[in-house]
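Me: I would like to learn how to read the features of a model like this one, step by step. Could you take me through them, giving the general idea before each case?

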Amino acid sequence: MKKSGNSLLFFGSKKCISCLCLEEKVLRQGIPKDEIVYLDINIDHEVFSAFGVRVVPTLMITSQTSGEVKRLVGDVPVAELKQFLRYK
């Protein structure tokens, strides 16, 4: 994340099995946990609404200059996740 200036937002819930599976896949791609901004629907519901997130898990790559760069919804296959993470 830090190289490009983009941030990886992870919208999920610690009680959601699909969220936990996707989080594990993201970590296996070499993304350090401290570079993932994790937002829990049970705590950060206003943020979910502000970003228009309706389903968990949702990953979003954002840029300080242009806002949302890319969004990925659901627990997707690793190949699709790898392609998404190229935008970071």
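Me: Let me begin with a helix: which are the buried residues of helix α3 (residues 78-85)?

Reply: Before the case itself, please keep in mind that this is a predicted model, in which local features need pLDDT of at least 70 and side-chain atom pairs count only at pLDDT 80 or more, while totals for chains, interfaces and linings use all residues. Residues are numbered from 1 along each chain as its sequence is written, and side-chain values use heavy atoms, with hydrogens and water left out. Helices (H or I, at least four residues) and strands (E, at least two) are DSSP runs, numbered from the N terminus. Buried means under 20% relative accessible area, exposed means over 50%, and partly exposed lies in between (1.4 Å probe, protein chains only). In helix α3, the buried residues are L81, F84 and L85.

Me: Where do the buried residues of α3 fall when seen down its axis?

Reply: The arc to consider is that of the directions from the helix axis to the C-beta atoms. For α3 the buried residues fall within an arc of 95 degrees, so they line one face of the helix.

Me: And what do the buried residues of α3 pack against?

Reply: Contact here means heavy atoms within 4.5 Å. The buried residues of α3 pack against β1, α1 (17-28), β3 (58-63) and β4 (67-73).

Me: How many of the residues of β3 are buried?

Reply: Six of the six residues of β3 are buried, so this strand is largely enclosed by the rest of the structure. T58, M60 and T62 point one way from β3, whereas L59, I61 and S63 point the other way.

Me: In what sense does β3 pair with β1, and in what sense with β4?

Reply: β1 and β3 pair in the antiparallel sense over six bridges, and the bridge partner of F10 in β3 is L59. β3 and β4 likewise pair in the antiparallel sense over six bridges, and they form a hairpin with three residues between them. Within that pairing, S63 stands opposite G67 and T62 stands opposite E68.

Me: Now the side chains: how many aromatic pairs does a search of the whole structure find?

Reply: A pair of aromatic rings is described by the distance of the centres and the angle of the planes. Rings of Phe, Tyr and Trp (its six-membered ring) pair if their centres lie within 6.5 Å, and planes under 30 degrees apart count as stacked, over 60 as edge-to-face and the rest as tilted. The search finds three aromatic pairs. In one of them, the rings of F10 and Y38 have their centres 5.0 Å apart and their planes at 20 degrees, so the pair is stacked. This pair links distant parts of the chain, with F10 in strand β1 (residues 6-12) and Y38 in strand β2 (residues 36-40), 28 residues apart.

Me: Are F10 and Y38 buried or partly exposed?

Reply: F10 is buried, with a relative accessible area of 1%, whereas Y38 counts as partly exposed at 22% relative accessibility.

Me: What is the geometry of the aromatic pair that F11 and F48 form?

Reply: F11 and F48 form an edge-to-face pair, 5.1 Å centre to centre with 85 degrees between the planes. F11 lies in strand β1 and F48 in helix α2 (residues 45-51), so the pair ties together parts that are 37 residues apart in sequence. Both F11 and F48 are buried. Ring pairs link F11, F48 and F51 into a cluster, and F51, which is found in helix α2, is partly exposed with a relative accessible area of 34%.

Note on methods:
Pairing = 2+ DSSP bridges.
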